[in-house]
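Please look at the sequence and the model below before reading on.

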Amino acid sequence: MPLRHLIYRCPECGHDPVLGEGDRAHCDGCGTSFERGERSLVRVIPAGTPPHGAPCRTARELIEAIDGHGGPLPPGRDGYAADALRRTASRHRPLKRRGRVLGFYEALGAPEAGVLAIDADTLRFRPTATEGEVSEWRLLDLRAVQTSSAAVQVTDPRGTLVQFQFPVDSPRRWEQLLHRFLRAAYQRAGRGEILEFQPRIVTR
Amino acid sequence: MILYRLSQGLVRVSLPLLGVRFRVEGLEHVPRAGAFLLLFNHQSILDPILAQTACPRVVYSMTKSTQFASPLMRWLVPRLGGFPTRRYQVDPQTVRTALRHLAAGRPVGIYPEGERSWDGHLQPFRRGTMRLVLKAGVPVIPCGIRGSYEVKPRWGTRLARGEVTVRFGRPLHIPPARTRAEREARIDETAGLIAEALNAAMES
């Protein structure tokens with residue numbers, strides 16, 4: 001995954017989003033560049049300075065700095081939207097070996113481009129194709145949430161897996177967004193504190 | 001399991017060519033016969049390959065169901081000991097397959113965190129894995145993988161040079177819980193015990 005999936009917002013100034021490819025990312029707000037350094041450190045290069053000798057920070061330090069700038073939601077926003085590709089698991093198929101069922105895997109349908117949006121109560125997918133139907137899920141009806149490689153997956157009220165991939169945005173941001181909005185929705189509805197988000201949402 | 005053994009050899013030969021030094025410690029803690037649960041930390045996409053290469057026994061590992069999307073992977077992964085688990089819903093077939101392997105005296109490998117860590121630190125364990133530990137009643141071997149995060153973190157796109165150590169810890173003999181109520185009551189305590197052992201295996 002590219003570095004911008006970890007640093008979706010600038011840990012230095014809070015500018016959102018951070019852009020980049022591969023092991024490099026750049027903030028258009030303050031001009032800071034980020035690149036993978038030695039081992040698992042990230043070199044933080046202030047604008048106008050050469051990379052050599054720039055300070056390195058750990059992923060944990062960067063995550064804490066992003067959280068310090070308000071976490072997954074850009075400043076002043078109470079909802080969020082991003083381009084996404086949706087795939088739905090229409091069926092579950094058995095995987096057999098030597099005549100025995102080892103387990104089941106899902107058959108994901110064709111990807112459908114659109115915009116995924118979240119607000120305090122709802123997750124909504126609006127397909128780009130004009131004939132596409134808008135799908136909407138009440139947050140309180142979602143059964144599970146998880147990230148899988150570069151995608152975020154939710155289980156809808158019927159138990160169907162719906163997967164969203166983001167051509168530009170960070171799946172880590174979306175997982176955090178879903179967690180934050182779900183926690184708030186559960187609290188408002190008096191359903192208690194969420195203990196875990198998968199394989200199903202469990203509350204205390 | 002010819003393919004399994006071949007892949008172990010291939011990985012051992014390939015890692016030094018990629019600049020990765022590979023060390024295995026604590027092999028004396030791996031039983032030569034009989035069933036056990038092998039619980040790994042999960043920091044990198046390399047972990048399943050490294051863990052299975054390090055263990056002298058053939059390990060049957062829970063693998064996320066989305067890995068089985070392509071026909072090639074559906075053919076290959078079961079031959080390398082993998083069986084699918086649907087992480088976004090409670091999956092009784094996964095538990096049945098795991099218990100079947102254990103009953104046949106085979107080791108079963110699980111990543112109790114459920115997904116790769118973003119910052120390299122151990123994440124909370126999935127409660128379903130703890131339920132399986134308490135149901136199975138077999139020795140639990142904590143297996144700490146150190147260095148894979150530095151070589152290929154979740155947010156990195158390339159392999160870096162480095163040293164990876166797979167360390168098998170002392171087996172934990174966790175008494176099985178006979179009833180569902182007992183299992184639920186002992187989940188947190190069991191998770192704490194395993195996390196402590198896994199952290200020790202990762203650090204030492």
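**Two domains and two chains**

The C-alpha centres of domain 1 of chain A and domain 2 of chain A lie 28 Å apart. Domain 1 covers residues 3-68 and domain 2 covers residues 80-203 of chain A, with bounds that come from an automatic or database domain assignment. This is a predicted model, in which local features need pLDDT of at least 70 and side-chain atom pairs count only at pLDDT 80 or more, while totals for chains, interfaces and linings use all residues. Residues are numbered from 1 along each chain as its sequence is written, chains are lettered from A and ligands numbered from 1 in the order in which they are written, and side-chain values use heavy atoms, with hydrogens and water left out.

Between domain 1 and domain 2 of chain A, about 730 Å² is buried, 42% of it on carbon and sulfur atoms; buried area is the accessible area (1.4 Å probe) that two parts lose on being put together, summed over both. Of the area that domain 1 of chain A buries against domain 2 of chain A, R4(A), H5(A) and Y8(A) supply 69%, more than any other three residues. The contact, meaning heavy atoms within 4.5 Å, takes ten residues from domain 1 of chain A and nine residues from domain 2 of chain A.

Between these two domains of chain A the count is one salt bridge, a term for a side-chain nitrogen of Lys or Arg within 4 Å of a carboxyl oxygen of Asp or Glu. The side chains of R173(A) and D16(A) meet in a salt bridge, at 2.6 Å from N to O. On the side of domain 1 of chain A that touches domain 2 of chain A, α1 (3-6) and α2 (59-68) of chain A each supply at least two residues; such helices are DSSP runs (H or I, at least four residues), numbered, as strands (E, at least two) are, from the N terminus.

Turning to the two chains, how many residues of chain B are in contact with chain A? There are 36 residues of chain B in contact with 42 residues of chain A, and the two chains bury about 3,900 Å² between them, 51% of it on carbon and sulfur atoms. In chain B, the residues that lose the most area to chain A are Y88(B), W118(B) and W155(B), together 22% of what that side buries. Two salt bridges are found across the interface of chain B and chain A, and the side chains of D23(A) and R158(B) meet in a salt bridge at 3.1 Å, N to O. The side of chain B that touches chain A includes at least two residues from each of α3 (71-79), β4 (82-85), α4 (92-103) and α6 (148-151) of chain B.

Finally, helix α5 of chain B spans residues 127-136, and its buried residues (under 20% relative accessible area, with a 1.4 Å probe and protein chains only) are R127(B), T129(B), M130(B), L132(B), V133(B) and L134(B). An α-helix has 3.6 residues a turn, so residues three or four places apart point the same way. After α5(B) comes G137(B), whose phi is positive, near 65°.

Technical notes: Buried means under 20% relative accessible area, exposed over 50%, partly exposed in between (1.4 Å probe, protein chains only).
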